[in-house]
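Have the model open as you read.

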Amino acid sequence: MSRLMQAAEAYGEDRERDALRLLRPLRDRLPDSPSVRELAGLSHYRLGNYAAAARELEAYVNLTDTVEQHPVLMDCYRAQRRWRRVDECWLELAAASPSAALVAEGRIVEAGSLADRGRLDEALTLLRRRSEPVRRAAEHHLRLWYALADLEERAGNLARARDLFDRVRRAEPSFADVAERRAALG
């Protein structure tokens, strides 16, 4: 089995440190390998090494010219309080519009970033634009509704938060801690 496949297997088994141990020599030997840079970035991200994850994912983006990992990259920048980079990645992702799920994830990160900066009204507006109910909710719908419910609660809009948590719970009762969050709102 190749080192890259072993690293991918380790990552898939939540053994990020093992994945990185296998990837370091590969990255040194093959610095222009998108697969190596992507997997290294994702491994660092899971470990909370946001600066290292951002470096690897930036290299991945430069090598591939894709926005596929922009939500993760945005979250790395958010953790480092690199607000301008979060916003730039969001604009790139929104313009590319690769898939509903990927754009929704980027939207959630951007909204969280805005809220972190004290711009809660802008964060709410950004998520509310895509918060309409759907007949068959996909994972990205649930994630967006949950994130919006959290922001509505932070803003003191408790009735809206309850409604959104209820919507998530009806679609997927075991989603995250939605039952507990809803119960805490009365």
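A pocket here is an open set of grid points with protein on both sides within 12 Å along at least five of seven lines, and a residue counts as lining it if one of its atoms comes within 4 Å of a point.

First, the overall picture. This is a predicted model. The protein has 11 helices and 0 strands, so the pattern along the sequence is simply α-α-α-α-α-α-α-α-α-α-α. Along the principal axes, the C-alpha atoms fill a box of roughly 55 × 35 × 25 Å.

Now for a helix pair. How do α5 and α6 pack against each other? Their axes are 8 Å apart and the angle is about 165°. Angles over 145 degrees count as roughly antiparallel, which is why α5 is described as roughly antiparallel to α6. The crossing of α5 past α6 is left-handed. On the α5 side, the contact uses H70, P71, L73, M74, Y77 and R78; α6 answers with W83, R85, V86, C89, W90, E92 and L93. Sorted by class, that contact has 9 nonpolar, 1 polar and 3 charged residues.

On to the pockets. Here are the two side by side:

| Pocket | Volume | Lining by class | Top contributor |
|---|---|---|---|
| Largest pocket | about 300 Å³ | 11 nonpolar, 1 polar, 6 charged residues | α9, 6 residues |
| Second largest pocket | about 190 Å³ | 5 nonpolar, 2 polar, 3 charged residues | α7, 4 residues |

Start with the largest pocket. Its lining is made of 18 residues, and R78, I108, V109, R143 and A147 lie nearest the centre. The elements giving two or more residues to that lining are α5 (70–79), α7 (100–116) and α9 (139–154). Note R78 in particular: besides sitting among the residues nearest the centre of this pocket, R78 is part of the α5 contact with α6.

Which residues line the second largest pocket? They are A100, V103, A104, R107, R130, E132, V134, H140, H141 and L144. Two helices, α7 and α9, each give two or more residues to this lining, and α7 gives the most.

Technical notes. Residues numbered from 1 in each chain as written. Predicted model: local features only at pLDDT ≥ 70, side-chain atom pairs only at ≥ 80, totals over all residues. Heavy atoms only, no water. 1 Å grid on protein atoms, 1.4 Å probe; cavity = no way out; pocket = protein on both sides within 12 Å on 5 of 7 lines; lining within 4 Å. Points joined across faces, edges and corners; volume = space filled by probe spheres on them. Nonpolar A, V, L, I, M, F, W, Y, C, P; charged D, E, K, R; others polar. Axes fitted to C-alpha atoms, helices over the stretch in contact; angles between N-to-C directions. Parallel < 35°, antiparallel > 145°, perpendicular 65-115°, else oblique. Left-handed = near helix turned anticlockwise from the far one by under 90°. Contact = heavy atoms within 4.5 Å.
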